[in-house]
Amino acid sequence: MHAVILAGGLGTRLKPFTEIIPKPLLPIGEKSLLERQIIALKDAGFTTVHLATNYKSELVESYLGNGDKFGIVIHYSKEDKPLGSCGPISLLKDHLGPEPFLVMNGDILTNTNLGDVMKFGAKRDVALTVATKIISTPFRFGNVEVEDDFLIGVEEKPEFNFEVLAGIYVMTPEIFHDIPFNQHYGMDQLIQKMLAESKPISRYLIRDYWLDIGQVEDYSKAREEFSQVFDK
């Protein structure tokens, strides 16, 4: 099985950490986030990881090598211009083979079984499966219920639930018909294009731990929660 990790982001929201270290190499415990993703893919049965790189790509490649120390094959793809969150996948068209493949963002920390995500997507008769996660966002004001000019209820600091894209996808080679080659293209653009053309997209709901560490406060949260979640 093949997996693609999108590891070329600038990590601007994580400065000053990313001024020296590229975002996917930031440490979570004793290993970098990218190492943890690669190990999780290996444990889930994946045999090859394609790293789509850009910012500080030489550091990523020198740190991880060819994958021998993980027991998995690592290939590198470097964009020569920013290609967005989906465009880098187009450069891998001739390297992924005829089977479905998994794509994940390089800033996702999760203990969900990536093999289960892959199996789910591979069984669906669609070119794209998106993983999602329900997150709760607290509202800092009390929500009131009124009738005419009378207060009839109050909910103190309610939480709102949103189902969001989790940055993990399963794709089939048919997806390359919808991704322009070597052009800046976002994952949201791909999804909107497919929906506008009535192309089905399946959804896999992640019920395990999941965190996007794209911001400083989320990175700090990941470092605090890691041992509680992953060292059980």
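This is a predicted model: local features need pLDDT of at least 70, side-chain atom pairs count only at pLDDT 80 or more; totals for chains, interfaces and linings use all residues.
Colleague: I would like to start with the strands. Which strands does E6 pair with?

Modeller: Good place to begin! Strand E6 covers residues 101–105. Strand E1, residues 2–6, is joined to E6 by four bridges, and the two run parallel. E6 is also joined to E11 by four bridges, but that pair runs antiparallel.

Colleague: Which residues stand opposite Val-103?

Modeller: Look to both sides of the strand. Val-4 stands opposite Val-103, and Val-103 in turn stands opposite Tyr-169 in E11.

Colleague: And is E6 mostly covered or mostly open?

Modeller: Mostly covered: of its five residues, four are buried. A residue is called buried when its relative accessible area is under 20%.

Colleague: Now the hairpin. How many residues lie between E9 and E10?

Modeller: Two residues lie between these strands, which form a hairpin. E9 spans 143–147 and E10 spans 150–155. They run antiparallel, with five bridges joining them. To find your way in the picture, look for Glu-147, which stands opposite Phe-150 in E10.

Colleague: What is the phi of Asp-148 in that turn?

Modeller: Its phi is about 55 degrees, a positive value, and Asp-148 is a residue other than glycine. You can see a second case at Asn-182, also not a glycine, with a positive phi of about 55 degrees. Asn-182 lies in the loop between strand E11 (159–171) and helix H4 (187–196).

Colleague: Are those two residues buried or exposed?

Modeller: Compare each value with the cut-offs: exposed means over 50%, and partly exposed falls between that and the buried range. Asp-148 has a relative accessible area of 69%, so it is exposed. Asn-182 has 21% relative accessibility, so it counts as partly exposed.

Colleague: Which residues form the nonpolar patch on the surface?

Modeller: That one is formed by Ile-135, Phe-139, Phe-141, Phe-160 and Phe-162. Together they have about 450 Å² of accessible area. Ile-135 belongs to strand E8, residues 128–138.

Colleague: Why does Ile-135 count as partly exposed?

Modeller: Because its relative accessibility is 30%, and partly exposed is the class between buried, under 20%, and exposed, over 50%.

Notes:
Residues are numbered from 1 along each chain as its sequence is written. Side-chain values use heavy atoms; hydrogens and water are left out. Two strands pair if DSSP finds at least two bridges between them. Patches are made of residues with over 30% relative accessible area and no salt bridge: like charges are joined within 9 Å, nonpolar side chains (Val, Leu, Ile, Met, Phe, Trp, Tyr) within 5 Å. Accessible areas come from the Shrake-Rupley method with a 1.4 Å probe; for residues, only the protein chains shown count as cover. A salt bridge is a side-chain nitrogen of Lys or Arg within 4 Å of a carboxyl oxygen of Asp or Glu. Buried means under 20% relative accessible area, exposed over 50%, partly exposed in between (1.4 Å probe, protein chains only).
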